[in-house]
2 protein chains.
Amino acid sequence: MKLYSFSLAPNGRRVTAFLNEKEIELDVVELNARKGEQLKEPYKSMNTFNCVPFLELDDGTVISECLSICRYLEGIHPSIPLFGESNKEQAIVDMWCRRIELDALTPLFYAVRNTVPFFKDRVLAGTRMEIRQEKIFLERAIDMINLFFTRVEKDFSGKEFICGNFFSVADISGFFVFAAMNMLKIEIPDHCNNVKKWRDKLFKRKSLQFD
Amino acid sequence: MKLYSFSLAPNGRRVTAFLNEKEIELDVVELNARKGEQLKEPYKSMNTFNCVPFLELDDGTVISECLSICRYLEGIHPSIPLFGESNKEQAIVDMWCRRIELDALTPLFYAVRNTVPFFKDRVLAGTRMEIRQEKIFLERAIDMINLFFTRVEKDFSGKEFICGNFFSVADISGFFVFAAMNMLKIEIPDHCNNVKKWRDKLFKRKSLQFD
């Protein structure tokens with residue numbers, strides 16, 4: 001089993017944080033996505049979606065998508081569970097993963113790729129295409145983030161982490177929401193004190209220390 | 001256990017299709033999202049994200065997000081598995097769910113909400129806010145769909161369904177990609193014959209017959 005990843009990119013780091021939390025060591029092949037190494041052979045054909053990270057199993061099967069890689073690893077290393085234990089807990093973790101991914105991370109990643117000059121010819125992940133960067137994606141991300149945190153704030157009272165009193169893979173996704181907001185200079189809405197406490201807790205967590 | 005859903009909306013229908021496939025019957029409370037019933041009490045407080053569908057468990061826990069609801073139901077009704085059986089299969093299903101959701105369904109749903117006049121004051125799901133509809137979201141969805149299917153096409157040879165030779169919850173998500181494309185009059189790229197066969201197979205499937 002081998003992980004192909006770019007350790008400076010958020011989706012690579014989501015897997016790194018997961019490995020840190022679970023104290024798993026993997027064979028890692030570093031592909032420099034800034035230089036487009038994942039777009040060259042043999043990597044290009046290994047993952048038709050041309051993104052990193054992806055995990056190659058011993059039988060040659062390739063699993064891409066950071067959370068699917070984590071889910072696979074949870075299956076073979078169940079201790080220190082990060083996807084929840086009971087069926088109910090697992091559904092709650094899955095729900096928060098989706099809410100965070102769809103309502104916060106996705107619009108933020110769109111905003112980054114549509115505003116940061118470096119992404120000019122790579123607005124769509126895993127491509128080098130001529131797609132215009134459009135500022136509206138930043139504006140829309142700000143609207144969505146404000147809505148997202150207003151909803152999260154209400155739901156947070158009495159909980160230590162986003163899914164309850166246990167740290168989960170959803171908290172890892174949450175960390176990268178705050179990291180992308182820092183990059184784009186988007187603030188947490190003033191009234192969201194539970195959210196601010198959550199952010200502070202995540203930024204102090206050992207598994208989430210990246211330069 | 002009670003499901004709150006709007007049976008005419010894609011995310012409601014994703015759960016309906018899942019129930020059909022698994023032959024599960026649930027108590028369903030129909031909330032008319034067009035009339036904003038999910039924004040009124042007691043529903044508003046039950047799901048702080050103010051969307052349907054959501055599932056209320058007997059202990060009062062609420063699970064929102066269509067795929068998280070399906071995942072919970074798979075846990076208590078494991079027969080006719082739709083999330084895969086082995087750990088490897090489950091990772092593959094999860095990967096395709098994410099690829100379909102992030103690279104196809106999400107941009108299509110953005111496009112629908114940013115172009116269809118009905119969604120003028122509800123551009124963000126579960127709100128009634130003044131957010132401008134922007135045509136760029138349709139243009140971007142078309143670029144993303146073309147890229148998505150070009151990638152899927154390469155990966156489809158020899159497979160009966162998107163994850164292999166078994167029908168899964170990822171195929172249900174795939175059906176709603178094609179349904180949204182029909183609504184927006186977006187075509188499958190000409191060269192994608194495997195994709196066209198997949199669409200035809202899904203449109204004939206018994207669990208996916210709506211109106």
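Select residues 10-22 of chain B: this is helix α1, whose 13 residues reach 18 Å from first C-alpha to last, close to the 18 Å expected at 1.5 Å a residue. Helices here are DSSP runs of H or I with at least four residues, strands are runs of E with at least two, and both are numbered from the N terminus; the expected span of a helix is 1.5 Å times one less than its number of residues.

The model is predicted: local features need pLDDT of at least 70 and side-chain atom pairs count only at pLDDT 80 or more, while totals for chains, interfaces and linings use all residues. Residues are numbered from 1 along each chain as its sequence is written, and chains are lettered from A and ligands numbered from 1 in the order in which they are written.

Remain on α1(B) and colour by burial. Of its 13 residues, 10 are buried, meaning that 20 or more other C-beta atoms, placed from the backbone, lie within 10 Å of the residue's own (12 or fewer: exposed; in between: partly exposed). Among them are B:Pro10, B:Arg13, B:Arg14, B:Phe18 and B:Glu21. Next, display β1 (2-5), α3 (66-76) and α6 (169-184) of chain B, which are included in what covers these buried residues. Just after the helix, B:Glu23 takes a positive phi of about 55 degrees.

Proceed to the interface. There, 35 residues of chain B are in contact with 35 residues of chain A, contact requiring C-beta atoms, placed from the backbone, within 7 Å. On the chain B side, β4 (62-64), α3, α4 (87-115) and α5 (136-155) each supply at least two residues, and α4(B) gives the most, with 11. The copies meet through the same surface, because 100% of the interface residues of chain B are also interface residues in chain A.

Finally, select domain 1 (2-76) and domain 2 (87-208) of chain A, bounds that come from an automatic or database domain assignment. Their centres, taken over C-alpha atoms, are separated by 21 Å. Between these domains, 12 residues of domain 1 are in contact with 12 of domain 2. On the domain 1 side, α1(A) gives the most, with six residues.

Notes:
Two residues are in contact if their C-beta atoms, placed from the backbone, lie within 7 Å.
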